[in-house]
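Please load the model in your viewer, colour it by chain, and keep a selection panel open. The tour below goes from one selection to the next and says what is to be found at each.

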2 protein chains.
Amino acid sequence: MNTFRQHIEKITPVTDEEFEYIFSLFSIKKLRKHQFLVQEDHEVTNDYWVISGLLKAYHINEDGKMHILQFAMEDWWISDYQAYNNKTLATISIDCIEDSELLVISKENKEKLCSEMHTLANFFRKKSNIGYVALQQRILMLLEKNPQERYNRLYQLTPQLLQRLPKTLLAAYLGVSRETLSRLKQP
Amino acid sequence: MNTFRQHIEKITPVTDEEFEYIFSLFSIKKLRKHQFLVQEDHEVTNDYWVISGLLKAYHINEDGKMHILQFAMEDWWISDYQAYNNKTLATISIDCIEDSELLVISKENKEKLCSEMHTLANFFRKKSNIGYVALQQRILMLLEKNPQERYNRLYQLTPQLLQRLPKTLLAAYLGVSRETLSRLKQP
């Protein structure tokens with residue numbers, strides 16, 4: 001799994017032996033478009049890294065409206081981290097926008113890795129820090145940017161994601177109606 | 001610094017010797033109400049843990065409107081993590097709502113701690129995971145909850161924070177006008 005090793009080595013170098021050991025704690029999961037990775041009210045015992053495909057993490061409120069928390073495509077991690085960290089039931093759902101292939105690691109194995117390998121604890125610490133900052137940026141965007149600015153910003157950050165997203169999902173992520181989205185200029 | 005040791009030991013036990021070493025890498029900073037901890041466009045080389053007091057992290061947009069990213073009171077960490085992680089200039093400001101006393105650690109010393117002490121790498125990893133989930137919850141709240149629901153939720157999570165916050169800041173955090181806030185029911 002060359003791309004996964006590259007993913008880790010963007011942050012920390014690992015030896016062949018170390019990588020072999022790390023990789024032995026992961027398994028592979030394949031899902032088809034529309035299949036669920038995480039379902040609301042179910043247990044969440046795994047973290048996932050996307051080998052290929054595209055997924056969305058979302059919540060549907062009482063009025064049946066979908067709000068998108070996160071997308072994940074190649075090279076991104078995804079799970080319901082609230083449920084995963086606290087061993088509570090999922091409060092969001094995650095399903096596949098495209099056929100997807102994922103690396104899967106159980107919470108037990110991830111914690112084992114982090115307690116055995118200093119470098120991996122720091123790898124996941126840094127990944128979490130990067131994710132934290134991305135979420136802060138999204139909060140500021142939601143608080144102070146208008147729909148056009150949000151659209152432009154998303155395009156700037158992840159142009160390749162925008163091209164793969166159905167418009168309805170893009171609108172749900174930006175927090176605007178499908179009608180508002182159709183009035184926005186293509187960035 | 002008993003409370004700081006307790007803060008660490010909520011996640012991982014440390015020996016007297018280890019704690020003494022950890023603590024030796026921190027210094028103490030005292031600020032008065034209205035003083036800045038971080039200023040937009042300045043360098044951010046430190047992370048901060050609040051011993052006492054109350055601070056706000058915020059951004060002021062082109063129209064002069066303040067948007068609040070985060071508060072921090074006793075036992076919370078705060079910094080401009082985007083600037084801190086990426087060695088870029090601050091894009092937010094952080095100042096004191098009350099006189100505040102903080103523990104300060106430089107990025108160099110924090111990385112040193114995390115590379116020397118396995119347990120500390122895992123401590124900061126878990127703190128970052130907890131922060132990540134809190135931000136996800138805030139995003140969902142901004143996307144799908146009305147002002148009254150946001151107010152109730154904040155009260156539920158941190159009743160002691162609400163009592164200490166001026167109404168103007170509370171409104172800026174909830175993303176509503178001062179007028180809207182005054183029409184909300186006290187949770």
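**Stop 1: the interface**

Bear in mind throughout that this is a predicted model. Now pick out R125(A), Y132(A) and L143(A), which supply 18% of the area that chain A buries against chain B, more than any other three residues.

**Stop 2: polar and charged pairs**

Show the side chains across the interface, where the rule finds 4 salt bridges between chain A and chain B. To see one of them, select K126(A) and E111(B), whose closest N and O atoms are 3.5 Å apart. Between chain A and chain B the count is 16 residue pairs in polar contact, with both residues at pLDDT 80 or more.

**Stop 3: the axis**

Superpose chain A on chain B, which takes a rotation of 180° with 0.0 Å of shift along its axis and gives an RMSD of 0.0 Å. That is the relation of a two-fold axis. Which residue of chain A comes closest to the rotation axis? Centre the view on R125(A), whose C-alpha is 2.0 Å from the axis. The same surface serves both copies, since 100% of the contact residues of chain A recur in chain B.

**Stop 4: helix α8 of chain B**

Select residues 167-174 of chain B, which make up helix α8, a mostly covered helix in which 6 of 8 residues are buried. The buried residues are L169(B), L170(B), A171(B), A172(B), Y173(B) and L174(B). Their packing partners in chain B are β4 (54-60), β5 (66-73), α5 (118-144), α6 (147-157), α7 (159-164) and α9. Just after α8(B), look at the backbone of G175(B), which takes a positive phi of about 75°.

**Stop 5: Q186(B)**

Move on to Q186(B), which has its place in the segment after α9 (178-183) of chain B. Is this residue buried or exposed? Q186(B) counts as exposed because its relative accessibility is 61%, where the cut-off for that class is over 50%. Leaving aside its neighbours within four places in sequence, Q186(B) is in contact with Y151(B) and K167(B). For a distance check, draw a line from Q186(B) to D99(B): these residues are 87 apart in sequence and 27 Å apart in space, C-alpha to C-alpha.

**Stop 6: two positive phi values**

Most residues other than glycine have a negative phi. Select H34(B), in the loop between β1 (27-31) and β2 (36-38) of chain B, where phi is near 80°, a positive value in a residue other than glycine. H34(B) is exposed, with a relative accessible area of 60%.

Finish at D41(B), in the loop between β2 and β3 (46-52) of chain B, where phi is near 75°, again a positive value in a residue other than glycine. D41(B) is exposed, with a relative accessible area of 55%.

Methods
Residues are numbered from 1 along each chain as its sequence is written. Chains are lettered from A and ligands numbered from 1 in the order in which they are written. This is a predicted model: local features need pLDDT of at least 70, side-chain atom pairs count only at pLDDT 80 or more; totals for chains, interfaces and linings use all residues. Side-chain values use heavy atoms; hydrogens and water are left out. Buried area is the accessible area (1.4 Å probe) that two parts lose on being put together, summed over both. A polar contact is a pair of N or O atoms within 3.5 Å; within protein, one must be able to donate a hydrogen and the other to accept it, and residues adjacent in sequence count only if both atoms are side-chain atoms. Copies are superposed by least squares on the C-alpha atoms of residues with pLDDT of at least 70 in both. Contact means heavy atoms within 4.5 Å. Helices (H or I, at least four residues) and strands (E, at least two) are DSSP runs, numbered from the N terminus. Buried means under 20% relative accessible area, exposed over 50%, partly exposed in between (1.4 Å probe, protein chains only).
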